[in-house]
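Morning, everyone. Please look at the screen while I talk.

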Amino acid sequence: GQEQTWTNGEGYFYFPSQLLRQSGSLLRVEHGDYFEQSSWRLPLVDARHQLHLQVHERRAQFQTDPSQAQALSQDGIEVQLAADNFVDSEGKPVLEEVWSSLQRIEPEPPAMVQHIPGSWWGTSTTGVAQLLETYGSFALDFSEATGHQLSLAPGRALPFTLDIAYELRDEAPAELPLWHYDAEQGLWRERGLAFRSGNDYVGSIARPGYWSVAEHQAVIELR
């Protein structure tokens with residue numbers, strides 16, 4: 001089942017321990033002005049969980065005319081918008097001004113731990129569970145002036161360029177899987193490839209949300 005609570009004035013929240021499932025529970029933090037954040041937790045016996053999640057504000061960093069092409073650029077991440085890219089919740093083309101939020105997330109602690117949702121588990125295109133190691137991540141969303149979230153029109157994609165952190169440039173591979181965070185399941189899902197071009201990774205995405213350029217690590221199953 002699902003349970004819901006609210007934070008107090010200082011941002012703290014509490015769930016009784018009996019609500020945590022033995023197989024693990026997904027804790028989701030939602031606020032209309034922030035990117036959604038979440039984390040998996042396994043129950044501990046006779047112990048109190050302490051969970052620290054930092055959410056990113058959905059700042060309207062860019063205001064764009066949806067009938068015009070434009071590039072969004074912020075802290076080493078650039079996303080290209082084509083004309084007539086967006087539809088509303090009813091699937092109708094968006095004609096009014098679009099408000100865009102773009103946030104890069106550094107691939108090193110503490111930002112990587114506090115700002116990335118879920119855990120670093122993902123599901124490959126073949127359905128295999130993978131443990132991920134990121135080379136860069138970002139969050140992106142679009143809304144109307146009223147705050148209602150927008151989606152990309154069917155068949156549309158957004159090319160992006162992501163700067164590779166200086167300390168990772170010597171080891172960054174020529175190509176890596178591209179992952180999108182599934183907020184409903186609390187898992188990363190493989191959604192294509194990103195390719196290295198100089199000190200950048202380039203690729204394209206088909207929806208807003210959290211994205212990561214990451215390689216998967218070998219997982220050893222103990223019996």
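I'll start with the whole chain, then turn to two residues. One caution before that: this is a predicted model.

First, the overall picture. The protein has 223 residues, and 36% of them are buried. Its secondary structure comes to one helix and 15 strands. Now the contacts. Take those between residues at least 6 apart in sequence: 63% join residues at least 24 apart. The accessible surface is about 13,200 Å². Carbon and sulfur atoms account for 48% of that surface.

Next, a residue inside. Find Ala214. Ala214 sits in strand β15, which covers residues 209-217. Is Ala214 buried or exposed? Buried: its relative accessible area is 0%, and buried means under 20%.

What does Ala214 touch? Leave out residues up to four places away in sequence. Then Ala214 touches Leu132, Glu133, Thr134, Tyr135, Leu176, Pro177 and Trp179. Ser137 and Ala214 are 77 residues apart along the chain, yet their C-alpha atoms are separated by 8.5 Å.

Keep Glu133 in mind. Glu133 is one of the contacts of Ala214, and Glu133 also belongs to a negative surface patch.

Last stop, Glu171. Glu171 lies in the loop between β11, residues 158-163, and β12, residues 175-182. Its relative accessible area is 46%, so Glu171 counts as partly exposed.

Note on methods:
Residues are numbered from 1 along each chain as its sequence is written. This is a predicted model: local features need pLDDT of at least 70, side-chain atom pairs count only at pLDDT 80 or more; totals for chains, interfaces and linings use all residues. Side-chain values use heavy atoms; hydrogens and water are left out. Patches are made of residues with over 30% relative accessible area and no salt bridge: like charges are joined within 9 Å, nonpolar side chains (Val, Leu, Ile, Met, Phe, Trp, Tyr) within 5 Å. Accessible areas come from the Shrake-Rupley method with a 1.4 Å probe; for residues, only the protein chains shown count as cover. A salt bridge is a side-chain nitrogen of Lys or Arg within 4 Å of a carboxyl oxygen of Asp or Glu. Lys and Arg count as positive and Asp and Glu as negative; His and the chain ends are not counted. The place of a charge is taken as NZ of Lys, CZ of Arg, CG of Asp or CD of Glu. Helices (H or I, at least four residues) and strands (E, at least two) are DSSP runs, numbered from the N terminus. Buried means under 20% relative accessible area, exposed over 50%, partly exposed in between (1.4 Å probe, protein chains only). Contact means heavy atoms within 4.5 Å.
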